[in-house]
Amino acid sequence: MEINLISDTVTKPTKGMLDAMMNAKVGDDVFKADPTVNLLQEKVAAMFGMEDALFFPSGTMANQAAIKLHTQPGDRMFCDKWAHVYNYEGGGAAFNSGVTSHLIDGNRGMFTAEQLKVAVSGRADIHVPFNRLVCIENTTNKGGGACWDFEELIKIQEVAKSNNLAYHLDGARLFNALVAKNETPQQYGALFDTISICLSKGLGAPVGSVLIGSKEHIAQALRVRKLFGGGMRQAGFLAEAAIYALDHQVERLAEDHKKAIEIGEVLKQCSYVKNIEPIETNIVIFYVDDSIDSMNFIKRLEEKGILLISMGEGKIRIVTHLDYTAKMHEILLEELTKFE
Ligand SMILES: *Cc1c(COP(=O)(O)O)cnc(C)c1O
């Protein structure tokens with residue numbers, strides 16, 4: 001049995017999801033004539049209490065479209081030094097939008113309103129870029145699935161507002177945060193100008209992200225998506241999977257979180273584990289003793305059919321998900337315990 005814990009993107013559509021997909025009503029979405037895509041967009045916009053939404057083939061494209069619509073070339077965007085938009089989108093902010101990234105030295109991918117205030121202050125003359133956008137990420141990916149304190153997000157919005165910055169949320173795993181902290185999509189919809197969410201991470205759809213925002217922003221995003229090559233045709237099959245995920249596979253994220261915490265508890269007992277980052281959602285990041293070496297640890301587990309990933313700097317990552325069964329969990333905990 002292969003136990004793949006590399007990411008929550010490795011899941012396959014469930015039987016219920018596949019059945020729903022096979023029965024989807026579709027049309028040409030470039031002509032806005034795919035009823036299922038339209039339904040998904042309306043559903044997500046309503047969930048967040050925002051005006052409109054747009055379906056994208058990937059989270060990267062949704063984030064990049066957001067950066068594009070909020071900025072002009074030469075503008076400056078603020079994000080954490082670990083942000084996905086900066087580290088893992090191929091330099092897209094610079095490539096697609098000509099935007100300079102100002103990295104804030106946060107903690108586990110999260111910074112404070114005070115840090116943003118310091119970052120945006122300073123001279124504002126012809127020498128310096130226009131400050132235009134602040135991006136945050138919830139949960140944080142490189143930060144090990146950490147969840148932001150909502151009160152801090154409100155304070156950051158205040159700093160953003162008083163400095164005329166747009167406020168974008170990379171919510172690839174926002175539903176993990178909502179479930180873990182018992183928060184609502186509406187709370188987030190009321191705070192941000194644009195929000196991207198992934199359906200293909202913990203929610204278990206095969207493909208797709210949604211960008212949510214005002215009518216005006218989404219109209220602009222539609223144009224940007226076209227020029228990025230992201231206009232899809234009979235995308236309703238994928239939108240149906242996304243609708244299914246939102247209807248049936250949100251609450252169950254709590255099970256992934258529970259398993260992640262249990263893995264952390266077992267790792268704590270293992271003498272070869274040097275450190276474990278706090279576990280808040282479905283991501284476990286830990287370090288093994290130098291005498292073992294993280295790459296060697298990963299290789300030895302791979303020989304047992306257990307796939308983990310290195311995050312660099314000795315970090316090892318485990319991500320729990322929909323296809324990680326109780327039986328697999330049992331096997332993993334046993335292998336971790338007896339590893340030496
Ligand atoms: C996965 C992820 C994305 C988008 O990824 P795609 O693979 O392009 O869908 C964006 N932000 C974060 C934080 C992510 O984890």
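Helices (H or I, at least four residues) and strands (E, at least two) are DSSP runs, numbered from the N terminus. By this count, the protein chain has 14 helices and 13 strands. The radius of gyration, taken over C-alpha atoms, is compared here with a globule rule of 2.2 Å times the number of residues to the power 0.38. The chain has a radius of gyration of 20 Å, close to the 20 Å that the rule gives for 340 residues, so it is as compact as a globular protein of that length. Along the principal axes, the C-alpha atoms fill a box of roughly 60 × 55 × 35 Å.

The model is predicted: local features need pLDDT of at least 70, side-chain atom pairs count only at pLDDT 80 or more, and totals for chains, interfaces and linings use all residues. Residues are numbered from 1 along each chain as its sequence is written, and side-chain values use heavy atoms, with hydrogens and water left out.

The shell around the ligand holds 13 residues. Gly59, Thr60, Asn141, Asp170 and Lys201 come nearest. Helix α3 (residues 59-70) gives the most to the shell, with three residues. Residue classes were assigned as follows: Ala, Val, Leu, Ile, Met, Phe, Trp, Tyr, Cys and Pro are nonpolar, Asp, Glu, Lys and Arg are charged, and the others, Gly among them, are polar. The shell then has two nonpolar, six polar and five charged residues.

Thr60 places a polar side-chain atom 2.5 Å from a ligand oxygen. For Asn141, the distance from a polar side-chain atom to a ligand oxygen is 3.0 Å. His84 has a polar side-chain atom 3.4 Å from a ligand nitrogen. The ligand alone exposes 380 Å², of which the protein buries 84%; accessible areas come from the Shrake-Rupley method with a 1.4 Å probe.

A cavity is a set of points, on a 1 Å grid over the protein atoms alone, where a 1.4 Å probe fits but cannot get out; lining residues have an atom within 4 Å of a point. One cavity of 30 Å³ or more is present. The largest cavity has a volume of about 50 Å³. Its lining includes Asp80, His84, Cys135 and Asp170. Two or more lining residues come from each of α4 (84-87) and β5 (131-137). Strand β5 gives the largest share, three residues. The lining has four nonpolar, two polar and three charged residues.

Two backbone features complete the description. Most residues other than glycine have a negative phi, and most peptide bonds are trans. The Asn138 to Thr139 peptide bond is cis, with omega near -5 degrees. Thr139 sits in the loop between β5 and α7 (150-162). Arg108, not a glycine, has a positive phi of about 50 degrees. Arg108 lies in the loop between β4 (100-104) and α6 (113-120).

How values were computed: Near = heavy atom within 4 Å. Polar contact = N/O pair within 3.5 Å; in protein donor to acceptor, adjacent residues only side chain to side chain. 1 Å grid on protein atoms, 1.4 Å probe; cavity = no way out; pocket = protein on both sides within 12 Å on 5 of 7 lines; lining within 4 Å. Points joined across faces, edges and corners; volume = space filled by probe spheres on them.
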